[in-house]
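Dear colleague,

Please find below the structure that I am handing over to you, with its sequence. My findings follow it.

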Amino acid sequence: MTVVIGFEGSANKIGIGIIRDGEVLSNPRRTYITPPGQGFLPSETARHHRGVILTVLKEALEQAALTPADIDCVAYTKGPGMGAPLLTVALVARTVAQLWGRPLVGVNHCIGHVEMGRLITRAHNPTVLYVSGGNTQVIAYSERRYRIFGETIDIAVGNCLDRFARVIKISNDPSPGYNIEQMAKRGSQYVELPYTVKGMDVSFSGIQSYIEEAANKMLASAQCTAEDLCFSLQETLFSMLVEITERAMAHCGSQEVLIVGGVGCNLRLQEMMGVMCKERGAKLFATDERFCIDNGAMIAQAGWEMFRSGQVTELRDSWITQRYRTDEVEVTWRD
């Protein structure tokens, strides 16, 4: 049996998870939460991660009832993500690997999400919609690569939601996206917003700029409520995502959709995607916040796959990168 510990800290969440041959043994996590109206800066986020990472590591080992001697491999997020948090976590992972005398594996963050989704849902060969605060991609596996069929050409969908939350001072606890989702359930009036799909790609910056400018005026004049704006923003963004996902499915002849990434927890997105899948006779796969939101177990799972297929990262190559394309990685663990 192969046991892999995974370190994730590419954004405002620090997580350490342990996987043993497809079984999640532990997956503790901490989130850096800022006051309403504020985002999280790289340096402050890294400081948060430094303050709690050893506590989270201890929790991961205790929950799994393991000791360092039981670990076969140490995996860490190589990128993409925010530079300072990535570096903080990578340094700890490198140190742990050397102290424990274990091999190291650098993992692509997106592939961590995909492999965790495949493990939990048992989806066979799905078209993947990867949606988070920093990434928006439609992906399908082909010839030893996760190919990107469509993506955002500017900001990510999660970033668009987060920035809108800051404009109308929505709480960041537990996350701005979650609070927008709850407010959207109470919205009833649809406010027309720009809808920007360009072939297989999407653009969110125009929608974000438009709603930022219009929000305060519309709220001040009582044309709509904050709940209406949350509802309208979600409906527009998610419709765009469903459209490009369906187009990728048609191109690939796929009958499965897997939603991964932090925004993938959104039940309205899952509902809209489910309607499309039902109309096509396809299956929808998604996970809950334990595995959708950034976590250490997803890095451990991708690291497990990589390690078992013979991939190891030498210490001299164990750097981080803020830009690490999903399709750069050779997928040696799938047929």
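**Domains and helix packing**

The C-alpha centres of domain 1 and domain 2 lie 26 Å apart. Domain 1 covers 3–114 + 294–328 and domain 2 covers 125–290, with bounds that come from an automatic or database domain assignment. This is a predicted model, in which local features need pLDDT of at least 70 and side-chain atom pairs count only at pLDDT 80 or more, while totals for chains, interfaces and linings use all residues. Residues are numbered from 1 along each chain as its sequence is written, and side-chain values use heavy atoms, with hydrogens and water left out.

Between the two domains, 20 residues of domain 1 are in contact with 21 residues of domain 2 (contact means heavy atoms within 4.5 Å). The area buried between domain 1 and domain 2 is about 1700 Å², and carbon and sulfur atoms give 55% of it. Buried area is the accessible area (1.4 Å probe) that two parts lose on being put together, summed over both.

Helices (H or I, at least four residues) and strands (E, at least two) are DSSP runs, numbered from the N terminus. Axes are lines fitted to C-alpha atoms, for helices over the stretch in contact, and angles run from 0 to 180 degrees between N-to-C directions.

Helix 1 (residues 42–64) packs against helix 2 at an angle of about 35°, with the axes 8 Å apart. Helix 1 contributes Pro42, Ser43, Thr45, Ala46, His49, Arg50, Ile53, Leu57 and Leu61 to the contact, and helix 2 contributes Ala84, Pro85, Thr88, Val89, Val92, Val96 and Trp100. By class, the contact of helix 1 with helix 2 has 11 nonpolar, four polar and one charged residues. Here Ala, Val, Leu, Ile, Met, Phe, Trp, Tyr, Cys and Pro count as nonpolar, Asp, Glu, Lys and Arg as charged, and the others, Gly among them, as polar.

Helix 6 (residues 205–220) and helix 7 (residues 226–252) have axes 11 Å apart and an angle of about 165°. Helix 6 and helix 7 are therefore roughly antiparallel (angles over 145 degrees; under 35 is roughly parallel, 65 to 115 roughly perpendicular and the rest oblique). On the helix 6 side, Ile207, Ile211, Ala215, Met218 and Leu219 meet Ala226, Leu229, Leu233, Thr236, Leu237 and Met240 of helix 7. The residues of this contact between helix 6 and helix 7 are 10 nonpolar, one polar and no charged.

Helix 5 (residues 176–184) packs on helix 7 at about 110°, with the axes 7 Å apart. Helix 5 is therefore roughly perpendicular to helix 7. Ile180, Glu181, Met183 and Ala184 of helix 5 make the contact with Ala226, Glu227, Cys230, Phe231 and Gln234 of helix 7.

**Backbone points**

The peptide bond from Gly79 to Pro80 is cis, with omega near -5°; Pro80 is in the loop between strand 5 (73–79) and helix 2 (83–100). Asp173 and Pro174 are also joined by a cis peptide bond, with omega about 0°, and Pro174 lies in the loop between helix 4 (157–167) and helix 5. Asp21, although not a glycine, has a positive phi of about 45°.

Yours sincerely
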